[in-house]
Amino acid sequence: MRAGDRVGPFELVLGPELVRHFAKATLDTSQQFRNGRLVPPSLVATQVYRAQFAAIMELVPEEVFSAARSGVHGQHDLLLHRPITSDENLHIFVETHSARPSGDNLRVTLHHSILDDRDELVAEQWWTTVLLGTTAISTGPDLPDYSFPAEGGVITAVEDVISIDDVMARRYAEVSGDYNDHHFSVEGARRSGFEAPFLHGLCTMALCTRAVTKTVAEGDPRRVRRVAVRFVAPAFLGHDLKVQIFDRNDGGFAFEASCGEHTVIKNGFVELRP
């Protein structure tokens with residue numbers, strides 16, 4: 001595996017109906033999305049799964065991939081160079097950013113470059129997959145460190161609390177195409193090592209992005225320039241997701257999300273445009 005190896009292009013289709021369905025699935029009532037033109041920041045992450053899956057199968061050596069028991073989404077970092085509209089023709093190139101052995105596992109980060117029909121860069125994503133039970137030689141640069149001590153920050157808004165249920169999971173599956181059984185049945189969740197069905201990780205990220213937009217961006221999703229999260233546990237259906245937001249005093253905002261007694265997202269980071 002070598003940093004810089006690249007595959008693509010993959011077509012990225014974002015239409016007005018998809019925008020409206022995504023807003024409904026994530027309980028986002030922003031007027032900006034009602035006509036389906038402005039693309040919610042987190043929708044871009046949802047729609048690159050096919051490119052991610054195809055790329056990881058090609059860029060990770062077969063002997064490394066086949067030795068893994070399974071893979072989980074470990075981190076996600078989304079950078080929007082400008083707001084995106086649903087009438088644009090976009091395409092994606094994916095390259096190996098880095099690989100890091102981590103105990104008995106391997107953290108593989110793929111870098112997605114999203115370009116418009118003028119080949120201008122409109123967005124980038126760094127998708128980190130933890131391949132369980134396999135390893136490889138370390139390669140590529142380190143990822144940004146968004147860690148932040150919550151006790152040292154000032155909560156800038158009342159924490160946002162969002163109820164999550166199976167209706168949300170099904171609506172999100174309709175948008176993302178991810179119908180994995182562990183989101184819908186106890187049996188499926190237990191096969192994945194959990195006791196109950198849980199929400200999609202990128203849906204949890206979208207709910208956090210909505211909470212931050214509402215509380216510190218004056219409800220304007222066009223101001224969101226960057227969103228990054230580290231997934232540490234799933235958000236179980238039938239519980240509340242609590243999002244706490246902190247001022248980093250460096251121009252950005254930190255956030256953490258919890259579900260019941262468990263933290264589900266750590267080292268959340270949002271950068272806003274003026």
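Arg248 forms a salt bridge with Asp250, their closest N and O atoms being 3.1 Å apart, where a salt bridge is a side-chain nitrogen of Lys or Arg within 4 Å of a carboxyl oxygen of Asp or Glu. The model is predicted, and local features therefore need pLDDT of at least 70 and side-chain atom pairs count only at pLDDT 80 or more, whereas totals for chains, interfaces and linings use all residues. Residues are numbered from 1 along each chain as its sequence is written, and side-chain values use heavy atoms, with hydrogens and water left out.

Of the two partners, Arg248 counts as buried at 16% relative accessibility, while Asp250 counts as partly exposed at 48% (buried means under 20% relative accessible area, exposed over 50%, and partly exposed in between, with a 1.4 Å probe and protein chains only). Salt bridges that share partners join Arg82, Glu88, Asp116, Asp117, Arg118 and Glu120 into one network. Within this group, the side chains of Glu120 and Arg118 meet at 3.7 Å, N to O; Glu120 is partly exposed, with a relative accessible area of 42%, and Arg118 is exposed, with 54%. Over the whole structure, the search finds 18 salt bridges. Another salt bridge joins the side chains of Asp77 and Arg226 (3.0 Å, N to O). Because Asp77 lies in strand β2 (residues 70–80) and Arg226 in strand β8 (residues 224–231), this pair ties together parts that are 149 residues apart in sequence; helices (H or I, at least four residues) and strands (E, at least two) are DSSP runs, numbered from the N terminus. Both Asp77 and Arg226 are buried.

Strand β2 also takes part in the lining of the largest pocket, to which it gives the most, with five residues. A pocket is defined on a 1 Å grid over the protein atoms alone as an open set of points where a 1.4 Å probe fits, with protein on both sides within 12 Å along at least five of seven lines, and its lining residues have an atom within 4 Å of a point. About 1300 Å³ of space lies in the largest pocket, the volume being the space filled by probe spheres set on the points. The lining comprises 41 residues, of which Gly71, Val72, His73, Asp178 and His182 lie nearest the centre. Elements that each supply at least two lining residues include α3 (49–59), β5 (121–132) and β11 (262–272). By class, the lining has 21 nonpolar, 16 polar and four charged residues (Ala, Val, Leu, Ile, Met, Phe, Trp, Tyr, Cys and Pro count as nonpolar, Asp, Glu, Lys and Arg as charged, and the others, Gly among them, as polar).

Nine aromatic pairs are found in the whole structure. The rings of Tyr49 and Phe53 have their centres 6.3 Å apart and their planes at 25 degrees, so the pair is stacked (rings of Phe, Tyr and Trp, the last by its six-membered ring, pair if their centres lie within 6.5 Å, and planes under 30 degrees apart count as stacked, over 60 as edge-to-face and the rest as tilted). Tyr49 and Phe53 both lie in helix α3, four residues apart, about one turn of the helix. By contrast, Phe148 and Phe246 form a tilted pair, 6.4 Å centre to centre with 45 degrees between the planes. Phe148 lies in the loop between β5 and β6 (154–155) and Phe246 in strand β9 (residues 240–247), so this pair ties together parts that are 98 residues apart in sequence.
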